[in-house]
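Hello,

Here is the structure I promised to hand over.

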Amino acid sequence: MTNDKWDPNKKFQLPEIVETPSRFRNTIGKYIIRRNARCVSCGLCAELCPCGVHPRYENYVLPLRPLAHKCMGFECKENDFFCVDRCPEKALTLKVNPILETLGDYRWPSEMLIAHWEMAETGNLPKVGLEHSLGCSGGGFDKIRFRPAESDKYPDISDEDIDTSVRLNKRGDGRPEKTISIPCYGGGMSYGSTALSVMVSRARAAARLDTLTCTGEGGYPLDLLPFKEHVITQLATGLFGVREETIQFAPVVEFKYAQGAKPGLGGHLLGDKVTANVAAMRETVKGNALFSPFPFHSVYSVEDHKKHVDWVKEINPEVLVSVKVSTPTDVDMVAVGSYHAGAHIIHIDGSYGGTGAAPDIAKKNIAMPIEYAIPKVHKFLTDEGVRDEICLIASGGIRNATDVVKAIALGADGVVIGTAELVALECVRCGNCESGRGCARGIASTDPELGEMITRDWSEQRIINMYMAWRKQWCEILRTYGMRSIRELRGRTDLLVHLDYLDESERIKYKPAPMKQMII
Amino acid sequence: MRHDYEAIINKILDSRVRLPHGDVPVKKAAEEGGCGVTGFISSIPVGGRHIFEPSLQMHNRGNGKGGGIAALGLSALNMGVSQEVLDTHYLLQIALLDPNSRGNVESSHIEPFLEVHKAEQVPSIDDYRDIEGLEIRPPDVWRYFVRVKKDVLDRFADENKLQDMDPHKAEDEFIWQNSFRLNRKYYASLEDKQAFVLSHGRNIMILKIVGYAEQVAQYYCLDDFKAHGWIAHQRYPTRGRLWHPGGAHPFIGLDEALVHNGDFANYHAVSEYLQQHNIFPQFLTDTEVSVLLLDLMNRTFDYPMEYIIEAMAPTTEYDFDMLSSEKQRIYRYIQSSHIQGSPDGPWFFIIARNDPYNKEFQLIGITDTAMLRPQVFALQEGEVQIGLLCSEKQAIDATLQSLAAEDSRFCPIADKYWNSRGGSAADGGAFIFTVRDSGKGDGSKELVCTNKFGQVVRTSENQKHPGTDADLSAPANAEQISLTASEGLETHYFTDFKEYCRKNMADWNYASLRHFCDEIRRLSETSSRLRTKAIEVLTHLNDRRYPVGDKKRSSVLRMIRDALTGIFDACPGLNENSSSAYRYIDWDTRNTLRTPHDNEKVLVLNAGAFPPEGDDCDARLICAAYETGWKQFICYGYKGQRFCGCGLSKGSDCVRIDVYDSSGDYLASGIDGLEIFVHDNAQDQLGQIMKHGKLVVYGDVGQTFMYGAKGGDVFVMGNAAGRPLINAVGRPRVVINGTCLDYLAESFMAGDPLNGGGFVVLNGVEFGEDGNVISQATPYPGSNLFSLASGGAIYLRDPHKKVVEDQLNGGQFVDLSQADWDLILPYLEENQRLFGISIENDLLTTNRGKKSYKDVYRKIQAVTLDILAKESAASEEYGEDWQEDANGDLPN
């Protein structure tokens, strides 16, 4: 599909996976396995279980609480090592964790959350039977499937030999030829919306994964400087914390015109979250909500936009420019306009994205779903003859590894990930990000205490682990189609089906989208 | 009477029912950007070459996918017809996209209905490829001077019961409908477009191509083609591939050509409104619907121009309250009938209009109520008069320079430049330049500028531009002036010398001034020391306001600036062997840049030939020079080059840049330490995200000044246009001596000014004709002053308490404390030093004598707003009424 030849000599050195368990005492898992008082601590279960559910230490004979999240559950029944059956004292019971009923939402159901926690812990696909790639939304990526490969030829390409890199500058305009090694980079989440340790660890992870992350519009904490080659400076409508210096630090500057979660609204940070530190970073007043204007006041047309882009290019002659827009019906025109204005990356942000801070009225009602926007823009750019000169990045509700490759097959070069990275840090998607500083998991909080619930080492590794698990899934899919590079997948809509547009006879060949009534 | 109007309106509208139209698509044909527009109208006809330079300079506002030009008030000689034919016949110009379609077009839409006085092909150069960068062959254009055949017109009137109508107006309608049918048949209904009408008005013509506007002038050989008024448009459609210029501007009404900068949010609503009046867009652009709307209100509804402007850009909010009750009554009717159909979003129209019924040519500029597009108006009055309006001031200057080079009656600097605020109660935000017979009986014409309300905008009548060359020959007091100049530059009392020159300016005639400037310039070449002083004294005379006697200030400035330019041009290049502290660099010598030697202090950069942006722009050269060690810059010759001073980043505290001539957008945006002095008006987007440093502007600044700024000390001698200091944080400290149009310091978040935060001092003064400081009618005319601000303060010089609570949105007035005064006083002192605006005699003195600071200044500070300080999840989800609703207070 593309002329970009992958250079096998520039093989990406995969970062090391390190097992990184939950920072909480009890990891949430799909099943609960309980040990009752009849247990005599014979140690049989520990010997039997290959998943390490029953820890047991030498020189310590008392029974320990089972690590239930590692349990494969009722599937294990067939095995001769099924501990519940084999326990001589019948001291073990197994049940589905009732928390599943209340955890998550239609787009991020409980199993997807738990699966991602596990990927972030182990760097591998979950062993437990968890649906990690389909949600219950009843549409969107949940109804899109990959066709089975026509040939069952299974080229023996190792993961290391598969290229998952994306070129960010295709214009050949003399600016740096920047490549990221995975088809994802981190979305903008500002200092203020998330804890400093989260920002820094995202940057550290981006550096080790050889990709990028983004400051959001809350300024550029100097803790990020050691990783500046991997940090995008976002220039959003409030211009908070943006200085010439921060534009010069960055390899890529992202203009945030709109967010798919709330097109027509600027970023906002409510008063409670504007702590003294946040206010200092943005040079504003503590305790006062910060609303970014909905437009750039200096940009009301495409030639204003070009001027804006030229300005940033003048300040930093090495920088690449990304333009982030939401997905109105004329997003294709916007994209081609941005190309002509000199952008290297056009970043379209669809309507599913956004953390809890985006108002529901916007989040649930405006902008085009991303799976419609990507092919529309891809096709239009192709028709205009400029597709191979611009990098098309999609975002907004891309939750998992399969969504990533679906987006690429629809026509994107790569995607931007926001929420999933937070899920790797054990976000439970409670959706209360906006309410004060009290993120229950200490992620979306700048409270001096809550914000330190996360250590940088831990969260860096969790994010890396999750992406490494994702990479395994991408490689799997690419191998299925005999592809060596993820670039070959771009725009291959012929490999996709949408369940709604299939005949019944065809549709039954695919796994139906899970549909569950949820308590929200 | 009212009944008659209505009857005729209905008959006209009914007559259009029969027009063929198919399904009109809901969407625009293409998205387009704001584009670049320029226009001027003069009391004498001038050649098309003068639209060339401003168009060229606004290249970067278009993308070469559509350019167009309209000419108004043409020359009978150029057209090869008699003046009578030119005045009375419709000048039908048809673009033949398919050259073979002419026969069909003529036999179907011209021959049966129209009496053709003259038909010819519009001359063009032989091969379009001779014009560099022109990729698509412009259409062949045929031109016909026509009247409607008598019997055809009678039949038309009978069929549509228009016998009561003025037959000329019925003829207008026929011409319009005929063009509509032609466009339908050969353009709108076809995939492969064949032909369309470019223009059909009297004494006005339009040409457009796929390319840049100046290429229109080149291709159709308009250099020497004379007309009173010219407008040009650089289009910026976002679609890449176009093969015909159907969507390019200008578009026609009947005798009007309209160009448009911006785009509508409600294209669909406007086009639906038109469809309700049996008008169907064919080219599917914002601009077409705008001109159709204008034509509907002009020809069908017969509205006066004031009401048309009101219908397009309604007067709202505080401005509406400021209108007289009589105006309010009428405007309320207009708004209730038209506000749904009025264009919403950013737009700025330039309309060239021939009003054959009143024998007037007009150039009209209308700004939208939100004033979201850049625009500058300018006026020059002398032996000849000219009115100009453009997207950027530099394009105005380019036009005037082009004219002045050809005809000494024009001065390269306008007498007056101003921005307008759409929907303003003071001037309506729209200005009309009218060219009409001067009444002298010699066929000469005069130009009058009026605002929306018909009030005349004029410059001083007592002051004159230099007339003949005799005015400039050696003056009688030449020797004395030479002595003054040479002694002055040597004196230890240099400040006194500057003052002396300033005070003498009123008495000197042009010849003396010219001689003085020449002398200073000659002396400057003798040593670096004198060069410094020469630049200083001339810059002082350029910057400050003082009485100029019977001379025009613009002509005085022209001489001073010519002298300065001469001094700068004469600085030795970097390769030259010289001990001068000044070193010259320009586009041709840019590769000579090197580290400064010990004695070399100032890099003199002639920015004229540099591209306005991109890797080779002059702003990048400044960065490169700074990196090699240059700290002081004089930059001149600007023609709108952008980003001056950007990119030096933190630690540039010792750098100073002096900027002369027409500097461009984004000047000083982001500066973090350096000082920039702008010795003229500045353009848009100055000082965005500025962090630290000093910016002084000896003139006005344009839109979105200091958006998102974090700090810096800033002094503006004149006005700021719309939306200054939005979202500014940190500690910006700004003195604006004039006023701001609207949204000053919206969402200002600059801490506590008494504790290191930021503030704006708004003095609300201007300079009178003799350079004296006078108070403006109100220090702040608009609304939304300091709205939703959470920090910082505005210190408003408002001795008569003209600004009222209604103009605020969230702020509050409080009395000034001693601490406040102590805070702003040093800034006012610096302001006094820079601009000569005295604290004691100007700022604290009102028409009722000297006052205390407490009686003159008012402080506006932020109040803690519930909406900002806390917001419940519920009110965000369900709106503020949620709690009432939840209590069962829902109305049934």
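**The contact between chains A and B**

The contact draws on 43 residues of chain A and 58 residues of chain B. On the side of chain A that touches chain B, four helices each give at least two residues: α5 (244–249), α7, α8 (331–340) and α9 (360–363). The largest share comes from α7(A), with eight residues. By type, the residues on this side of chain A split into 17 nonpolar, 13 polar and 13 charged. Bear in mind that this is a predicted model.

Is α7(A) mostly covered or mostly open? Mostly covered: 14 of its 14 residues are buried.

**Domains**

Chain A is divided into domain 1 (31–96) and domain 2 (159–504). The C-alpha centres of these two domains of chain A lie 43 Å apart.

Chain B is divided into three parts: domain 1 (2–457), domain 2 (469–567) and domain 3 (699–892). Where domain 2 of chain B meets domain 3 of chain B, four residues of one are in contact with four residues of the other. On the domain 2 side of that contact in chain B, two residues are nonpolar, none is polar and two are charged.

**Two open sheets in chain B**

One open sheet has seven strands, with antiparallel pairing. The order is β7-β2-β8-β1-β14-β13-β15 in chain B. At the edges sit β7 (204–209) and β15 (416–418) of chain B, each pairing on one side only. From one strand to the next, the twist averages 10°. Within this sheet, β1 (residues 36–47) and β14 (residues 385–390) of chain B pair in the antiparallel sense over five bridges. For a reference point, take I41(B): its bridge partner in β14(B) is G387(B).

Another open sheet has four strands in the order β4-β5-β3-β6 (chain B), and its pairing is antiparallel. Its edge strands are β4 (114–121) and β6 (195–199) of chain B, each with pairing on one side only. Here the twist averages 30° from one strand to the next. Seven bridges link β4(B) to β5 (residues 140–148) of chain B, in the antiparallel sense. Which residue of β5(B) is the bridge partner of E115(B)? R147(B) is. Helix α7 (residues 167–188) of chain B lies across β3 (90–96), β5 and β6 of chain B. This helix of chain B runs at about 145° to β6(B).

**Strand β34 of chain B**

Strand β34 (residues 857–862) of chain B is mostly covered, with six of its six residues buried. Both faces of β34(B) are covered. One side carries Y857(B), K859(B) and Q861(B); the other carries R858(B), I860(B) and A862(B).

Two partners of β34(B) are worth checking in the viewer. Strand β30 (residues 793–797) of chain B runs antiparallel to β34(B), joined by five bridges. There, I794(B) stands opposite I860(B). Strand β31 (residues 811–814) of chain B also runs antiparallel to β34(B), through four bridges. In that pairing, V814(B) has K859(B) as its bridge partner.

Over to you.

Note on methods
Residues are numbered from 1 along each chain as its sequence is written. Chains are lettered from A and ligands numbered from 1 in the order in which they are written. This is a predicted model: local features need pLDDT of at least 70, side-chain atom pairs count only at pLDDT 80 or more; totals for chains, interfaces and linings use all residues. A residue is buried if 20 or more other C-beta atoms lie within 10 Å of its own, exposed if 12 or fewer, and partly exposed in between; C-beta atoms are placed from the backbone. Two strands pair if DSSP finds at least two bridges between them. Axes are lines fitted to C-alpha atoms, for helices over the stretch in contact, and angles run from 0 to 180 degrees between N-to-C directions. Two residues are in contact if their C-beta atoms, placed from the backbone, lie within 7 Å. Ala, Val, Leu, Ile, Met, Phe, Trp, Tyr, Cys and Pro count as nonpolar, Asp, Glu, Lys and Arg as charged, and the others, Gly among them, as polar. Domain bounds come from an automatic or database domain assignment.
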